[in-house]
Amino acid sequence: MSTRGPRRIGIMGGTFDPIHHGHLVAASEVAHLFGLDEVVFVPTGQPWQKTRRKVAPAEDRYLMTVIATASNPRFSVSRIDIDRAGPTYTVDTLREMRELHGPDTEFFFITGADALEQMLAWHNADEMFELAHFIGCTRPGHSLADPGLPAGRVSLVEVPALSISSTECRERVEAGEPIWYLVPDGIVQYINKRRLYEDGTC
Ligand code: ATP
Ligand code: MG
């Protein structure tokens, strides 16, 4: 148990279709820099931003996230978004985490800088910034334009060069190209076993 004040929990929301080493390095780096006690990965139910493409079944994305994070004692996975009916909105995730953990917890929502830029357009942005501190991870080749985010509630962190994206992983699987070392070994094996992304519909 920590003796240095409120528990500090990172929340890493994502489609995780599939989870890759970019996600894991970002979570690990932010946990280190912000002294987090735990990082909870929260796979989305139906992501409202991704309605134009088919997303792999929530249960597969959840299991891949569990497999990828199992070896890290500070990483865990929550089903709250996939068990909630309807599209996933970050503000619902944050409200539910707040209810589960009580007022004595500080939340740090970890997100890519690309997503951070869109945040002002998100539902209930003002409430979200009250519920958590937001940490935007910059990817290689991505510079953050000033999105006019509220001062003091947002930090930017440069994550070691990892230009991996789930889109690239899916495209590679469809093209028969390897994804070894872009994702954990167990994820390569799970994708093979479940034949995910082979037909390009995901
Ligand atoms: P897609 O290519 O399908 O959009 P993705 O790789 O961006 O997938 P998501 O599940 O959408 O993965 O991302 C979850 C969160 O992780 C988002 O906040 C995203 O910005 C962030 N993220 C994704 N890839 C990286 C990376 N390589 N480094 C740091 N953060 C990342
Ligand atoms: Mg993305």
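This is a predicted model: local features need pLDDT of at least 70, side-chain atom pairs count only at pLDDT 80 or more; totals for chains, interfaces and linings use all residues.
Residues are numbered from 1 along each chain as its sequence is written, and chains are lettered from A and ligands numbered from 1 in the order in which they are written.

View 1. Six strands with parallel pairing follow the order 4-2-1-6-7-8. Strand 4 (75–77) and strand 8 (154–158) are at the edges with a single partner strand each, so one side of each has no neighbour in the sheet. Strands are DSSP runs of E, at least two residues, and helices runs of H or I, at least four, numbered from the N terminus; two strands pair if DSSP finds at least two bridges between them.

**View 2. Strands 6 and 7 with helix 4.** Phe108 stands opposite His133 in strand 7. Helix 4 (residues 90–101) packs on the sheet, where it touches strand 1 (7–14), strand 2 and strand 6, and its direction makes about 150° with that of strand 1. Contact requires C-beta atoms, placed from the backbone, within 7 Å; axes are lines fitted to C-alpha atoms, for helices over the stretch in contact, with angles from 0 to 180 degrees between N-to-C directions.

**View 3. The shell around ligand 1.** Helix 1 (21–33), strand 6, helix 5 (113–118) and helix 7 (166–174) each give two or more residues to this shell, and the largest share, three residues, comes from helix 1.

Note on methods:
Two residues are in contact if their C-beta atoms, placed from the backbone, lie within 7 Å.
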